[in-house]
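This briefing is for a reader who has not seen the structure before.

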Amino acid sequence: MKILIVDDEANIRLMIREYAELEDFEVDEAEDGMAAVAKAKENKYDLIIMDVMMPRMDGFSACEEIRKAQNTPIIMLSARHEEYDQQYGFKLGIDDYVAKPFSPKLLMARVQAVLRRTSEAPQTTANADRIRYEGLEIDMIGREVYVNGKKVSMTPKEYELLFYLVKNRNIALTRDKLLEEVWGYDFFGDDRTVDTHIKMLRNSLGDYRKFIVTLRGMGYKFET
């Protein structure tokens, strides 16, 4: 498998490269966002590890450009720990967010976890068909969502979260259960990851956010 490491600090790129090559990854490097976008257009990567704060083009902008053409899994690195930054990254469609300083061994564990989740994404069965609740229409097969007839653009994780909630509608789901089923057993995040994505999903659903009910101290339920 081939990964792209993007960071303006050469010592960080070298550290990640050494650990990645120990796990038999083929490694390519870029020192800023513009170089990362150019390399992503020219090569096919199985995963991209990218810093946020870089010259010329920051990691968020580079991620946004890359997402216009491909869905390569992206893990963001950042010395900024604010919830807003993480939420913004997930809204752009990143797959994981790692705060600096970090353990390279833990980073490699996250890389393996993301690759497993993306390669083992559940396939929707044909009997799911389309589901409609008032003006909210969900195409489980085509992975499309419409609000009052208008197609809504959501991140891959928002789709997965919504589909899981809908498949288990009217069932109380804990945050741990959602983490386990939507993110996978080996996800290294916490309950705030679920809350952040629920907030994003509700924003995407507009008036039909009402179907996602908060169960105080427990989790959520898609209630109709």
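**Briefing: a sheet and its neighbouring helices**

Arg-130 has Asp-139, in strand 7, as its bridge partner. The model is a predicted one. The points below begin with the sheet and then turn to the helix pairs.

- Strands of a sheet pair through backbone hydrogen bonds, and the pairing can be parallel or antiparallel.

**Strand 6 with strand 7**

- The pairing of strand 6 and strand 7 is antiparallel and runs over 4 bridges.
- These two strands form a hairpin, with 2 residues between them.
- In the turn of that hairpin, Glu-134 has a positive phi of about 55 degrees.

**Strand 7 with strand 8**

- Strand 7 (residues 136–139) also pairs with strand 8 (residues 144–147), in the antiparallel sense and over 4 bridges.
- Leu-136 has Val-147 of strand 8 as its bridge partner, and Ile-138 stands opposite Val-145 in strand 8.
- Strand 7 and strand 8 form a hairpin with 4 residues between them, and Arg-143 in its turn has a positive phi of about 55 degrees.

**The two faces of strand 7**

- Which way do the residues of strand 7 point? Leu-136 and Ile-138 point one way, while Glu-137 and Asp-139 point the other way.
- Leu-136, Glu-137, Ile-138 and Asp-139 are all buried.

**A helix across the sheet**

**Helix 2 with helix 3**

- Two packed helices are described by the angle between their axes and the distance between the axes.
- For helix 2 (residues 33–42) and helix 3, the packing angle is about 15 degrees and the axes are 9 Å apart.
- Helix 2 is therefore roughly parallel to helix 3, since angles under 35 degrees count as roughly parallel.
- The crossing of helix 2 past helix 3 is right-handed.
- Helix 2 contributes Gly-33, Ala-36, Val-37 and Ala-40 to the contact, and helix 3 contributes Ala-62, Glu-65 and Ile-66.
- By type, the residues of this contact are 5 nonpolar, 1 polar and 1 charged.

**Helix 3 with helix 4**

- The axes of helix 3 (residues 59–67) and helix 4 (residues 83–92) come within 10 Å and cross at roughly 15 degrees.
- Helix 3 and helix 4 are therefore roughly parallel to each other.
- Helix 3 passes helix 4 in a left-handed crossing.
- On the helix 3 side, the contact is made by Phe-60, Cys-63, Glu-64 and Arg-67; on the helix 4 side, by Asp-85, Tyr-88, Gly-89 and Leu-92.
- The residues of the contact of helix 3 with helix 4 are 4 nonpolar, 1 polar and 3 charged.

**Helix 4 and what follows**

- Which residues of helix 4 are buried? They are Asp-85, Gln-87, Gly-89, Phe-90 and Leu-92.
- Gly-93 follows helix 4 and has a positive phi, near 105 degrees.

Terms used:
Residues numbered from 1 in each chain as written. Predicted model: local features only at pLDDT ≥ 70, side-chain atom pairs only at ≥ 80, totals over all residues. Heavy atoms only, no water. Axes fitted to C-alpha atoms, helices over the stretch in contact; angles between N-to-C directions. Parallel < 35°, antiparallel > 145°, perpendicular 65-115°, else oblique. Left-handed = near helix turned anticlockwise from the far one by under 90°. Contact = heavy atoms within 4.5 Å. Nonpolar A, V, L, I, M, F, W, Y, C, P; charged D, E, K, R; others polar. Buried < 20%, exposed > 50% of the residue type's maximum accessible area, 1.4 Å probe, protein only. Pairing = 2+ DSSP bridges.
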